[in-house]
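Visitor: Good afternoon. Could you take me through this structure?

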Amino acid sequence: MRNSLGLKERNLSQRALSPRKLKSYRRVSGPEAWHRAALAINASLNPEDALAAIVRQACALTASRRSAVYLLNGEADALQLMAGHRLPDGLLGSRLSVGQGVVGKAFRGRSVLVTNAADPLKQDQCLGHRLAAVPLVARRKRLGVLQVARGPKERRFNSSDIAELEWFAPLAAQAIANAQDFYHSVRADMILTTSHELRNPINLASGALELLEKYLEAPTALQRESLDLAKLGIERASALIGDLLDLECIERRVGMRLGRCDCAVLLNSIGLEFRLWAQDHGRALQMHVPDRPLRVWGDERLLQQVMSNLVDNALKYTPPGGCVTVDARAEAGQVILKVSDTGPGIPLDAQSYVFERFYRLSDQPDEVKGAGLGLTIVKSIVEQHGGRVWVTSQPGQGSTFTVSLPALDK
Ligand code: ADP
């Protein structure tokens, strides 16, 4: 299973251990052990290998039965279990909310969090009764949490365990950050190069199709159908490539032009852009935009793309007869932009995934097209502007997407 960071979740040795074996967890500590641990976790720039080494070394340094690394999955706003040493089956990939349980609390904290007694925080107890968790922070960024665990009959975590974790966590976080950076830059370069290279053959095929269409004066039904299918395929491929290139450029901040933008003006032009389509397709589009300016610092073209994607989605997922409403206001130093619809809504368990790359709900009507990148682009642009975007939805009663951007005073 791979997560949004491209890391494959892994569990090293899921074998159940006999009680006799449990007793043999010995601490390896001292300069030699520290040196070995530091070398092991930095031996590879492959994120999976780095994580595997970290969970193994965490167990050895603290004489723990089990260990796990949870990483922040920003797209899902949750901590996801990405690697473990001797984990019970079925835990890898599971998610915990930030702020909840030992892991969620440790993520927000500064130092090691220990719970030695059987504790009501049951969601964490699947690793063991005694737990110690430490935030993984590198370059001032919170990446996740390292957790070690022991059973109820094993000894309590004490101050020397805490000292080991305090020493080890920053090193582990740095190793993860280095491996992730390397992975992201290789992946981004690959996407960029491949997308550029694919543009030429797609343009060639599209030109050839146009010629064919021109010279086939009276195509048969089969020829017509084949031409239409080929055109549809080419359109989809070039839209996908356009989205991928957009996303990579946005994430690298390539070509961003920052300046003062008035979201009220921007929304009025979005209203003009979509009103006719909405009318022709039996949807109502209501724009509630104040007369005064709603200023933010940003790239006007990109912010236009954000609102255009959200309104486009709301209209395309709302069946005829429905209504899409756009609201804008300034509140507590933020400009709040809302797009609500009376469409099918989004199930609760899917709401945290809709901003992930290529995620689409499974029961989509055939005629609704898309590659599952629109909301990823929206989120990326909003975050590049220091803002947030989220969805609230009641299945069957529509969805509301809200964008919050820091307002400019003047
Ligand atoms: P797509 O190109 O598929 O529209 P997006 O990234 O824009 O990709 O959206 C991801 C998925 O989220 C969509 O495929 C759809 O399942 C769901 N979705 C987005 N907006 C809405 C909405 N307003 N109402 C219902 N579902 C939505």
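Guide: The conversation below goes through the chain topic by topic.

Guide: This is a predicted model, in which local features need pLDDT of at least 70 and side-chain atom pairs count only at pLDDT 80 or more, while totals for chains, interfaces and linings use all residues. Residues are numbered from 1 along each chain as its sequence is written.

Visitor: How many helices and strands are in the chain?

Guide: The chain has 10 helices and 14 strands. Helices (H or I, at least four residues) and strands (E, at least two) are DSSP runs, numbered from the N terminus.

Visitor: And what percentage of the residues is buried?

Guide: Of the 410 residues in the chain, 33% are buried. A residue is called buried if 20 or more other C-beta atoms lie within 10 Å of its own, exposed if 12 or fewer, and partly exposed in between, with C-beta atoms placed from the backbone.

Visitor: Which residues have the most contacts inside the largest nonpolar core?

Guide: They are Ile54, Val69, Val145 and Ala172, in a core of 48 residues. A nonpolar core is a set of buried Ala, Val, Leu, Ile, Met, Phe, Trp, Tyr and Cys residues joined through C-beta atoms within 7 Å. Helix α3 (residues 47-62) gives the largest share of this core, 10 residues. Ala172 touches Ile41, Ile54, Leu136 and Leu146, leaving out residues up to four places away in sequence. There is also a second, separate core of 38 residues, which includes Val306, Ala314, Val382 and Phe401.

Visitor: Let us turn to the ligand. Which residues are closest to it?

Guide: The closest are Arg360, Leu361, Gly370, Gly374 and Leu375, among 20 residues that surround the ligand. A residue counts as near a molecule if its C-beta atom, placed from the backbone, lies within 6 Å of it. Two elements, α8 (300-317) and α10 (374-384), each give two or more residues to this shell.

Visitor: What classes of residue make up the shell?

Guide: The shell holds 10 nonpolar, 8 polar and 2 charged residues. Here Ala, Val, Leu, Ile, Met, Phe, Trp, Tyr, Cys and Pro count as nonpolar, Asp, Glu, Lys and Arg as charged, and the others, Gly among them, as polar.

Visitor: You mentioned α10. How many of its residues are buried?

Guide: Helix α10 is mostly covered, with 9 of its 11 residues buried. Among them are Gly374, Leu375, Lys379 and Val382. The buried residues of α10 pack against α6 (221-251), α8, β13 (388-393) and β14 (399-406). After α10 comes Gly386, with a positive phi near 75 degrees.

Visitor: And α8, at what angle does α7 pack against it?

Guide: Helix α7 (residues 263-280) and α8 pack at an angle of about 35 degrees, and their axes are 10 Å apart. Axes are lines fitted to C-alpha atoms, for helices over the stretch in contact, and angles run from 0 to 180 degrees between N-to-C directions. In this contact, the α7 residues include Leu266, Ile270 and Trp277, and the α8 residues include Leu303, Met307 and Val311. The contact residues divide into 11 nonpolar, 2 polar and 2 charged.

Visitor: A last topic, backbone angles. Where is Arg139 found?

Guide: Arg139 is in the loop between β6 (130-138) and β7 (141-150). Most residues other than glycine have a negative phi, and most peptide bonds are trans. Arg139, which is not a glycine, has a positive phi of about 45 degrees. Arg140, in the loop between β6 and β7, also has a positive phi, of about 60 degrees.

Visitor: Are these two buried or exposed?

Guide: Arg139 is exposed, because it has 10 other C-beta atoms within 10 Å. Arg140 is exposed as well, with 5 other C-beta atoms within 10 Å.

Conventions
Two residues are in contact if their C-beta atoms, placed from the backbone, lie within 7 Å.
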